[in-house]
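User: I would like to learn how to read the features of a protein model. Please take them one at a time, with the general idea before the case.

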Amino acid sequence: LSPPSPVYDCIVVGAGIQGSCAAYHLAKNQRKTLLLEQFVLPHSRGSSHGQTRIIRKAYKEDFYAHMMEESYELWAQLEKEAGVQLCRQTGLLLMGPETGKDYQLMKDAMQRNKLPLVILNPEEFSQHIPNVNLTGGDGALVDTTAGVLYADRALSAVQRLFQVLGGVIKDGQKVTDIKPGPVVTVTTAAAVYQAKSLVITVGTWASKVLSPIGLNLPLQVLKINVCYWKEKVAGSYSVNRRFPCFIQLESQEASHDIYGLPSNEYPGLMKVCYHTGSETDPDDRDGQTDRSDVEILKRYVSRCFPGLVPVPAVVESCMYTVTPDLHFVLDYHPAHRNIVIGAGFSGHGFKFAPVVGKVLYELTMGQVPSHDLSPFRIGRFQPHAGSAQ
């Protein structure tokens, strides 16, 4: 008989950015940790792949602004430990109807939290932001500390640091069964593992993994078409020309935000995306072929970004796992205190990963979390959530 496998302090299921950061914090605090991933790493089937994400403090909610304060510090620390650049400051241009609720709330929150911002009046807009048509009636401001996060690079850096700290990663091992108890038993096709506690960060697979252990969260999985648009003049929207990231609130074309990042990862192509998509099954996402979002973007790009060819040159796929209020889920399983869940990052969680990982570690250890988690509790979804009888 093979010797019984060790009992870990913690098993983290799901090696996307949130799970990898949670595992990193566990290992950093001397917890014997196993990180399990269903796909062979690296992979592009989830929500953490791709080269870039926006990092910003501009949020309507104070609790996000406060979490981002710490997240910036933790990203800087990770950069130092890993010896690679993970962030690049570009600023974030925020545009939206001056009288619109979202723009006003965001501006108010930034001023209230004393975040560095520059308000651009329409007269000086084109001097500062060339090749963009500001919609009449739209206000514009810049979150100067914002920028680009190098996502793929960040994910592999965090996983590498976790292993340097003694953590174990086993990829290509899909979890087939979880048995709660004082010691949790996790079964994959390859082996059976045990741990005193369990962190579940499985992204779009959350419902499939949580419902067998009696937890049904109102999560919706959306397929996002990540679109890249060719510059008519190479470099005109480039990160090297100090072109910022942007978010367009309440555009004429769309009910959801449109966002973009300067041309960088694909030279000569700028990433501009619609912040929602069509419902899909994470195991069958390529069967979802709805392109109505691309049509919205074509209209927006041709109206507001005259320097881009208004047909996407590259379209990639990503997935969002969306909660009804677009806030995350960071909580214990209602029936099992040693099972902790991070889910529902709703397409805006990547930038928070180091602080989310820290909070998941604190929950696992039974510590008082360093941030107020009331916006992220499972109880807010009652009566849907809770244990299935």
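Analyst: Helices and strands are runs of DSSP assignments, numbered from the N terminus. By that numbering Asp152 belongs to helix 5. The model is a predicted one.

User: Is Asp152 buried, exposed or partly exposed?

Analyst: Buried means under 20% relative accessible area and exposed means over 50%, with partly exposed in between. Asp152 has a relative accessible area of 36%, so it is partly exposed.

User: Which residues does Asp152 touch, not counting residues up to four places away in sequence?

Analyst: Contact means heavy atoms within 4.5 Å. With that sequence limit, Asp152 touches Ser48, His49, Gly50 and Gln51. From Asp152 to Arg53 the C-alpha distance is 9.7 Å, while the two are 99 residues apart in sequence.

User: Where does Ala146 lie, and what does Ala146 touch, not counting residues up to four places away in sequence?

Analyst: Ala146 sits in the loop between strand 7 (138–143) and strand 8 (147–150). Its relative accessibility is 0%, so Ala146 counts as buried. Leaving out residues up to four places away, its contacts are Ile55, Arg56, Tyr72, Gln89, Thr90, Gly91 and Leu92. For one of these, Thr90, the C-alpha atom is 6.2 Å from that of Ala146, across 56 residues of chain.

User: How do I check the length of a helix? Take helix 1 (residues 17–28).

Analyst: The expected span is 1.5 Å times one less than the number of residues. For the 12 residues of helix 1 that gives 16 Å, and its end C-alpha atoms are 16 Å apart, so the two agree.

User: How many residues of helix 1 are buried, and what covers them?

Analyst: The buried residues are Ile17, Gln18, Gly19, Ser20, Cys21, Ala22, Ala23, Tyr24, His25, Leu26 and Ala27. Their cover includes strand 1 (7–13), strand 2 (33–36) and strand 12 (192–200). It also includes helix 2 (62–82), helix 5 (151–164) and helix 8. After helix 1 comes Gln30, with a positive phi near 60°.

User: Helix 8 is on that list. What can be said of Thr364?

Analyst: Thr364 is part of helix 8 (residues 353–364). With a relative accessible area of 15%, Thr364 is buried. Not counting residues up to four places away in sequence, Thr364 touches Cys10, Leu26, Ser197, Val199 and Val340. Of these, Leu26 is one of the buried residues of helix 1.

User: How do I describe the packing of two helices?

Analyst: Two packed helices are described by the angle between their axes and the distance between the axes. The axes of helix 2 and helix 8 come within 7 Å and cross at roughly 100°. Angles of 65 to 115 degrees count as roughly perpendicular, so helix 2 and helix 8 are roughly perpendicular to each other. On the helix 2 side, Met67, Glu70, Ser71, Leu74, Trp75 and Leu78 take part, and they meet Ala353, Pro354, Val355 and Lys358 of helix 8. By class, this contact has 7 nonpolar, 1 polar and 2 charged residues.

User: Which backbone angles should I look at in the loops?

Analyst: Look at omega and phi. The peptide bond from Leu41 to Pro42 is cis, with omega near -10°. Pro42 is in the loop between strand 2 and strand 3 (52–55). Arg242 is not a glycine, yet its phi is positive, about 65°. Arg242 lies between strand 13 (220–231) and strand 14 (245–248), in a loop, and its relative accessibility is 71%, so Arg242 counts as exposed. Leu326 also has a positive phi, near 65°. Its loop runs between strand 18 (308–322) and strand 19 (329–333). At 45% relative accessibility, Leu326 counts as partly exposed.

User: What does the protein come to as a whole?

Analyst: Its secondary structure is 8 helices and 20 strands. The radius of gyration is 21 Å, close to the 21 Å of the globule rule for 389 residues, so the protein is as compact as a globular protein of that length. Along the principal axes, its C-alpha atoms fill a box of roughly 75 × 45 × 40 Å. Of the 389 residues, 57% are buried. Among contacts between residues at least 6 apart in sequence, 74% join residues at least 24 apart.

Definitions and conventions: Residues are numbered from 1 along each chain as its sequence is written. This is a predicted model: local features need pLDDT of at least 70, side-chain atom pairs count only at pLDDT 80 or more; totals for chains, interfaces and linings use all residues. Side-chain values use heavy atoms; hydrogens and water are left out. Helices (H or I, at least four residues) and strands (E, at least two) are DSSP runs, numbered from the N terminus. Buried means under 20% relative accessible area, exposed over 50%, partly exposed in between (1.4 Å probe, protein chains only). Axes are lines fitted to C-alpha atoms, for helices over the stretch in contact, and angles run from 0 to 180 degrees between N-to-C directions. Angles under 35 degrees count as roughly parallel, over 145 as roughly antiparallel, 65 to 115 as roughly perpendicular and the rest as oblique. Ala, Val, Leu, Ile, Met, Phe, Trp, Tyr, Cys and Pro count as nonpolar, Asp, Glu, Lys and Arg as charged, and the others, Gly among them, as polar. The radius of gyration is taken over C-alpha atoms; the globule rule is 2.2 Å times the number of residues to the power 0.38.
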